[in-house]
Amino acid sequence: MQKTLPYNFPEYYNWPCFFTIQLNKETKQTQLKLWEELISKYSEAKKIHTWGVTELFSSELCHNKELSRRLTRSDFDAVLDYMLKSGAAAYSTSAKDKITVYYKTVKDYADAIYKWALETGRMNSVESIVDIATSSENNTEIFYKVPVEIIKSACEELQKQRKAEVFYLSLIHISEPTRPY
C-alpha cells in the first residue's frame, strides 16, 4: 500500500467560520470558490479523481478535528452544487453517489492531448481513449492515469473544436449458432 504524505491545508481551513457557509452573497461566493479550490487541490495532491459523495462528506476535508468544526450536510450540498455548476466536478454515476473532481478543466486536458498528438506525430492516426490515459509513454503528461471519462470529455471537446474525431464502438454479442445433435 502506498503511503501518501500529509496534506498541508491552507490557512483558511483553520478559520472556524470557513465551516459555515455565510449568508452575505459576496462572502458566500468567495467561500464556495475557496471550498472548490480546497477540494480540487487536495484531490490532486492525493491523486483522487473520484470520490463517493458520502466519503467526501466524511473526509478530513469537511471535518477539521482540531477545531471541532465540520460542514453541515446542507452546506456540503451547497459546495457540491457549486462545483458541479462551475464544471470543477461531475457526477460519475447515474445514482449521483460519486463525483469526479477535475483538477484541471476539460479544456486544459484537451489542449494537452492536442499538443501531445502534434509533438508525437499522432495527428491523423487512431488512438484509443484508454491508451491515451494509460500508456506508459505518456507518464509525463497531465492526462496520464486520468479516468477515461475525463479523457473522453477532453476528446469530445477537441471534436467540438474540429481538431479530432471521436468514434464510438458498440460491441455486439454474436452467439454461436445452435447445432442439432
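Guide: Buried means under 20% relative accessible area, exposed over 50%, and partly exposed in between (1.4 Å probe, protein chains only). This is a predicted model: local features need pLDDT of at least 70, side-chain atom pairs count only at pLDDT 80 or more, and totals for chains, interfaces and linings use all residues. Residues are numbered from 1 along each chain as its sequence is written, and side-chain values use heavy atoms, with hydrogens and water left out.

Visitor: Why does Ser92 count as partly exposed?

Guide: Its relative accessibility is 34%, so Ser92 falls in the in-between class. Ser92 sits in the loop between strand S4 (89-91) and strand S5 (98-101). Strands (E, at least two residues) and helices (H or I, at least four) are DSSP runs, numbered from the N terminus.

Visitor: What does Ser92 touch, not counting residues up to four places away in sequence?

Guide: Ser92 touches Thr50, Lys98, Ile99 and Thr100. Contact means heavy atoms within 4.5 Å. Thr20 is 72 residues from Ser92 along the chain, and their C-alpha atoms are separated by 27 Å.

Visitor: How do you know whether Gln31 is buried or exposed?

Guide: Its relative accessible area is 5%, so Gln31 is buried. Gln31 belongs to helix H1 (residues 25-46). Leaving out residues up to four places away in sequence, Gln31 touches Cys17, Phe18, Phe19, Thr20, Ile21 and Gln22.

Visitor: What makes H1 roughly perpendicular to H3?

Guide: H1 and helix H3 (residues 73-86) pack at about 80°, with axes 9 Å apart. Angles of 65 to 115 degrees count as roughly perpendicular (under 35 is roughly parallel, over 145 roughly antiparallel, the rest oblique). Therefore H1 is roughly perpendicular to H3. The axes are lines fitted to C-alpha atoms, for helices over the stretch in contact, and angles run from 0 to 180 degrees between N-to-C directions.

Visitor: Which residues of H1 and H3 meet?

Guide: Gln29, Leu32, Lys33, Trp35, Glu36, Ile39 and Ser40 of H1 meet Ala78, Val79, Tyr82, Met83 and Ser86 of H3. This contact of H1 with H3 has 7 nonpolar, 3 polar and 2 charged residues. Ala, Val, Leu, Ile, Met, Phe, Trp, Tyr, Cys and Pro count as nonpolar, Asp, Glu, Lys and Arg as charged, and the others, Gly among them, as polar.

Visitor: Why is H4 called roughly perpendicular to H6?

Guide: The axes of helix H4 (residues 106-119) and helix H6 (residues 148-160) come within 8 Å and cross at roughly 75°. So H4 is roughly perpendicular to H6. The contact residues include Tyr109 and Ile113 of H4, and Ile151 and Leu158 of H6. By class, the contact has 10 nonpolar, 1 polar and 1 charged residues.

Visitor: Where does Lys47 lie, and why is Lys47 called exposed?

Guide: Lys47 lies in the loop between H1 and strand S1 (50-52). At 68% relative accessible area, Lys47 is therefore exposed. Its phi is near 55°, a positive value in a residue other than glycine.

Visitor: What makes Ser68 exposed?

Guide: A relative accessible area of 63% does, so Ser68 is exposed. Ser68 is in the loop between strand S2 (63-64) and strand S3 (69-70). Phi of Ser68 is also positive, about 55°, although Ser68 is not a glycine. Most residues other than glycine have a negative phi.
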